[in-house]
Amino acid sequence: MRVNRLRVPAVLLGAAVAAVLAATAGPATANAATTAATADVTTGTAPATTASHVVLVGIGGLRWTDVSASATPRLWRLAQDGSVGSLVVHTNDSVACPADGWLTLNSGTRASAPRSQGGKCAALPAVVTGGTQHPGVPTAARISAMPSLTRYNQRFNYGPDWGLLARAAGPGRCATAIGPGAALALAGPQGQVPGYLPAATDATPATFARCPLTAVDLGALPAPAGAARTAAARADDSAIGRIATQLPPGTVLVVAATGDDLTPHLRAVVVHGPGYTGGLLHTASTRQPGLAQITDITASVLRWRDRPVPAAALGSPLTRGGRGSLAAAVRGLIGQDTAAQVYRSTFGWFFAIFAVGEAVLFGLIVLLPRGTPEQRRQRRRGAARIAGVLTGSVPVGTFLASLVPWWTLPHPAVLLYLLAAAWAVVVAAVALAGPWRRHPLGPPGVVGLITVAVVAIDVMTGSRLEVSTPFGLNVLWGGRFYGEDNNTVGIYAASAILGAAFLAAVLLRRDRDRTGKLSPRAQAVLAVAAVALFAIVASGWPGFGAKVGGTIATVPGFLMLLLVVAGMRITWRRAVVLAVSGVLVIAAFALVNYFVPMTGHSDVGAFAGQALHGGGGGTLQRKISTNLSSLTGTPYSLIIPLAIAVFGVLLLRPDWFRASLLTEARRAVPLLGVTLAAIWVIAVLGWFAEDSGVAVPGSMLPLVLPLAIAIMCSVPPAAGDRPPGSHGGRTVTATSTPASG
C-alpha cells in the first residue's frame with residue numbers, strides 16, 4: 001500500500017493552526033502583559049533646557065483628532081510654537097484609566113488603580129483639604145486612598161517611587177496640585193499633597209509663581225466623539241489659554257493626555273517653552289520620531305528642574321527634533337495612531353486567517369486529483385514547494401509593505417495586506433526563479449536571507465518598517481518600540497539559520513581551490529559565521545535591537561550549525577557551553593552598554609546597572625510572571641508545548657511518524673537535520689527566555705513549517721521508491737554534482 005508522504009507534514013501544519021491561534025489570540029491581554037519587561041529604557045540624551053517653573057496640564061483622552069486651528073485655537077498656537085508628539089499612555093491594562101496616568105506620572109514607572117465592578121474605570125480618589133480655603137491660595141491636602149493604592153501596585157513588580165514627580169520641585173518640595181488627578185500625581189506615599197486647589201478656575205498668576213512645579217487636571221474628554229466631546233475640548237482649550245497667560249516667563253508648559261477613554265489610542269502631547277520651539281518630540285525610550293511614553297514626562301520634568309532621574313524610572317527625557325509645518329506633523333501623528341488601530345483591530349484576525357489558510361492550502365494540495373499516482377505525486381510535490389515558499393515569504397512581505405506609508409492613505413488596513421501579499425509574491429518569485437532553485441535548500445534559504453536582511457537593516461536604521469505590522473512592533477500597548485517584537489524574534493532567527501545553512505551547503509559542495517586558498521569547509525564555516533555575526537549584532541547590540549531573549553535563544557542555534565559545518569561532534573560538554581552561550585553574549589552586550597554609554601542607551605544596559613546594584617529582581621519577576629501566564633492566556637495555549645514536543649520527537653524519530661519524506665530529505669540534504677534541530681532549539685530557548693513565553697514558538701510556525709515542507713518536497717523520491725521507468729522530479733539533490741547548486 002502506497003503512503004502519501006505529503007500527508008504527515010500537511011497534518012502537522014493543520015495541527016499547528018491551533019498553536020498559532022494560541023500564540024496570537026487575545027492580543028490586548030498578551031501585549032499588555034508583555035510590556036512589563038520590554039520597554040524599560042531609562043536613559044537618553046538630556047535636553048539642554050532647565051526651567052525655574054514647570055506646569056503640567058493633563059486632559060484625559062486627548063487625541064490629535066480633537067485638536068485643530070478652528071476647534072482648539074489656543075492649543076493649536078501652543079503646538080505651533082512648541083514641540084508635538086504622540087503619547088503612549090498604556091500602563092498595566094489595555095485601557096489606561098485617568099487614575100493610572102496620574103499615578104504613573106507620580107512614580108515615574110507604570111502604576112494603576114483598581115477597576116470598579118465590571119472592569120470600568122473608577123472615579124478618582126477623594127482629596128481632603130485641611131484648613132480654610134482662600135481664593136487662589138493652595139492648602140495642604142491628603143488622599144486617604146493612597147496607602148491602599150501603593151499596596152495594590154505591589155502586584156505589578158515595578159516598585160513605584162511614590163512622590164518622584166513632586167521631588168522635581170527641589171528642596172522644600174513646593175508643588176501645587178490643581179484638581180483631583182493632579183493631587184494624585186503629586187501625592188506622597190501616605191497621600192500627603194503639599195498644596196491643592198480644587199479647580200483651574202481658582203488659579204491666579206500668583207498660584208503658578210508660588211512653586212516651581214504645578215500640575216493641573218482639566219478632567220477627561222467624554223467618549224465617543226460627538227457634540228459633547230467637541231464642547232469639552234473647547235472648554236479645555238479656553239482653560240489652557242487662561243493658564244498660558246498666567247505663567248511666569250521661561251516656564252515649560254506641558255499639555256498631555258493622562259489616560260484613554262473607551263478604547264486605547266495614541267494620545268496627544270505638546271511641550272512649550274525654551275528649547276522646544278517648532279519641533280517634533282523625540283525620546284530614547286522609543287527611538288521613534290514623534291512617539292513618547294507617559295513615563296517620559298516624569299523623567300523630563302526632573303531634568304528640566306535639574307534633578308537626577310533614578311535608575312528605576314522607566315522614562316527618558318523628551319528632546320526636540322526638527323519638523324515641517326504643524327499641519328503636516330499632525331497628519332503624521334494621526335497616521336501613527338491609524339497604524340496602531342490597524343494593528344489592534346486586525347492582529348488576531350490576520351493570524352487566524354493566515355494559519356487556517358495555510359492548513360487549507362496544503363490540505364487541498366494533498367487532495368490533488370487527475371493523472372497517474374506518480375503524476376499526482378509530482379504535482380503535489382511541485383505545488384507544495386511553491387505554496388511553502390510563497391507562504392513563508394509572507395512575514396517579510398508585511399515588513400516591506402511599510403515602504404509605502406499605507407497608514408496615511410485611504411483604507412489603510414486593506415492597503416497594508418494587499419501590499420504584504422504583493423511583496424510576498426515578489427520574494428517568492430525571486431526565491432523560485434534564481435539559479436539556486438535546483439538546490440533543495442535554495443528557495444527557502446533565499447527567503448530566509450531576504451527576511452533576515454530586511455529585518456536586520458530595518459532594526460539598525462530605526463525599526464521603521466516593523467511598526468504596527470502584524471509580525472512587528474505593537475506600540476499601542478507600550479510593547480517594544482525598536483528591534484524585533486516577540487512575534488518577530490523566532491521568525492528572524494529561523495530565517496537566519498535557514499539562510500546560513502543554504503550558503504554552507506552550497507560551499508561544501510565546491511571543489512577544493514587548486515590555488516591553495518581556503519577549503520570548501522572553511523569557506524562554509526566563514527559564511528555561517530558571517531550570517532550569525534550580522535544577525536546577532538543587529539538583534540542584540542544595545543544601539544540596534546537590544547533584544548535579550550532573542551539573543552539568548554539565537555546564539556546556541558548558530559553555534560550548533562557552526563559545529564556541524566566545521567565537522568565537529570556535539571558532545572555533552574559542548575552542549576552545556578552551547579546552552580549558556582547566549583546568556584554570555586547578552587551579558588557582554590549589557591555590560592558594554594552600561595559602562596560605555598556611547599554604545600546607545602537601552603533596557604539591556606539599564607538592567608545591567610540594576611543587577612550590579614541589586615535592583616534587577618523586579619524586572620526578572622515581571623518576566624517570569626508574564627512567561628508563566630502565557631501558558632494560561634487562551635484555551636489553546638497548552639497546545640504549543642505539545643507541538644514543540646511532537647516536532648522534537650519527529651526530528652529524532654521520523655520513522656515513528658512514518659515520515660519517510662523527512663527521512664529522504666535529511667539523507668539527500670546533509671545539513672537539513674542540524675538546521676531543523678537548531679531552529680527547534682531556538683524555539684525552546686525562546687519560549688523560556690522571552691517574557692511572552694509560548695507565543696515565541698507559536699509565531700515561528702507560519703514561517704518554519706511551510707519552508708520545511710518546501711525543502712522536503714524539493715527532494716526527488718529515492719530510486720527504490722519510484723515506479724519502473726520513472727525518473728522523479730527535475731529538482732536535483734544536494735549531493736549531486738557541484739554545478740547543480
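**Cavities, a buried strand and local backbone features**

The second largest cavity holds about 60 Å³ of space. It belongs to a predicted model in which eight cavities of 30 Å³ or more are found. Rolling a probe the size of a water molecule over the atoms shows where empty space is left. The lining of the second largest cavity consists of Ile 59, Leu 62, Asp 66, Thr 72, Leu 75, Leu 221, Ala 233, Asp 236, Asp 237 and Ile 240. By class, six of these lining residues are nonpolar, one is polar and three are charged. Helix H9 (residues 227-245) supplies four residues, the largest share of the lining.

The loop between strand S7 (213-220) and H9 contains Pro 224. The peptide bond that joins Ala 223 and Pro 224 is cis, with omega at about 0°. Most peptide bonds are trans, and most residues other than glycine have a negative phi.

At the level of the whole protein chain, the secondary structure comprises 25 helices and 12 strands. The chain has 741 residues, of which 58% are buried. Of the contacts in the chain with a separation of 6 or more, 74% are between residues 24 or more positions apart.

Strand S2 (residues 83-88) pairs with strands S9, S10 and S11. With strand S9 (residues 267-272), the pairing of S2 is antiparallel and extends over five bridges; within this pairing, Val 84 stands opposite Val 270. The pairing of S2 with strand S10 (residues 279-282) is parallel and has two bridges, and here Ser 83 has Gly 279 as its bridge partner. Strand S11 (residues 291-293) also runs parallel to S2, to which it is joined by three bridges. The bridge partner of Val 88 in S11 is Gln 293. Six of the six residues of S2 are buried, and the strand is therefore largely enclosed by the rest of the structure.

Helix H14 (residues 412-433) has 22 residues, which should span 32 Å at 1.5 Å a residue. The buried residues in H14 are Pro 412, Leu 416, Leu 419, Ala 420, Ala 424, Val 427, Ala 428, Ala 431 and Leu 432. An α-helix has 3.6 residues a turn, so residues three or four places apart point the same way. Cover for the buried residues of H14 comes from elements including helix H11 (326-366), helix H12 (373-392), helix H13 (394-400) and helix H15 (442-460).

His 411, in the loop between H13 and H14, has a phi near 50°. Its relative accessible area is 63%, above the 50% cut-off, so His 411 is classed as exposed. Ser 463 lies in the loop between H15 and helix H16 (486-508), and its phi is near 60°. In contrast to the exposed His 411, Ser 463 is buried because its relative accessibility is 0%, where the limit for burial is under 20%.

Two further positions lie in other helices. Thr 207 is part of helix H8 (residues 205-210). With a relative accessibility of 0%, Thr 207 counts as buried. Apart from neighbours within four places in sequence, the contacts of Thr 207 are with Gly 136, Pro 138, Thr 176, Ile 178, Leu 197, Asp 202 and Thr 214. Ser 148 occurs in helix H5 (residues 146-152). The relative accessible area of Ser 148 is 35%, so this residue is partly exposed. Ser 148 and Gly 191 are 43 residues apart along the chain, and their C-alpha atoms are separated by 9.9 Å.

Notes: Residues are numbered from 1 along each chain as its sequence is written. This is a predicted model: local features need pLDDT of at least 70, side-chain atom pairs count only at pLDDT 80 or more; totals for chains, interfaces and linings use all residues. Side-chain values use heavy atoms; hydrogens and water are left out. On a 1 Å grid over the protein atoms alone, a cavity is a set of points where a 1.4 Å probe fits but cannot get out, and a pocket is an open set with protein on both sides within 12 Å along at least five of seven lines; lining residues have an atom within 4 Å of a point. Grid points are joined across faces, edges and corners, and a volume is the space filled by probe spheres set on the points. Ala, Val, Leu, Ile, Met, Phe, Trp, Tyr, Cys and Pro count as nonpolar, Asp, Glu, Lys and Arg as charged, and the others, Gly among them, as polar. Buried means under 20% relative accessible area, exposed over 50%, partly exposed in between (1.4 Å probe, protein chains only). Two strands pair if DSSP finds at least two bridges between them. The expected span of a helix is 1.5 Å times one less than its number of residues. Contact means heavy atoms within 4.5 Å.
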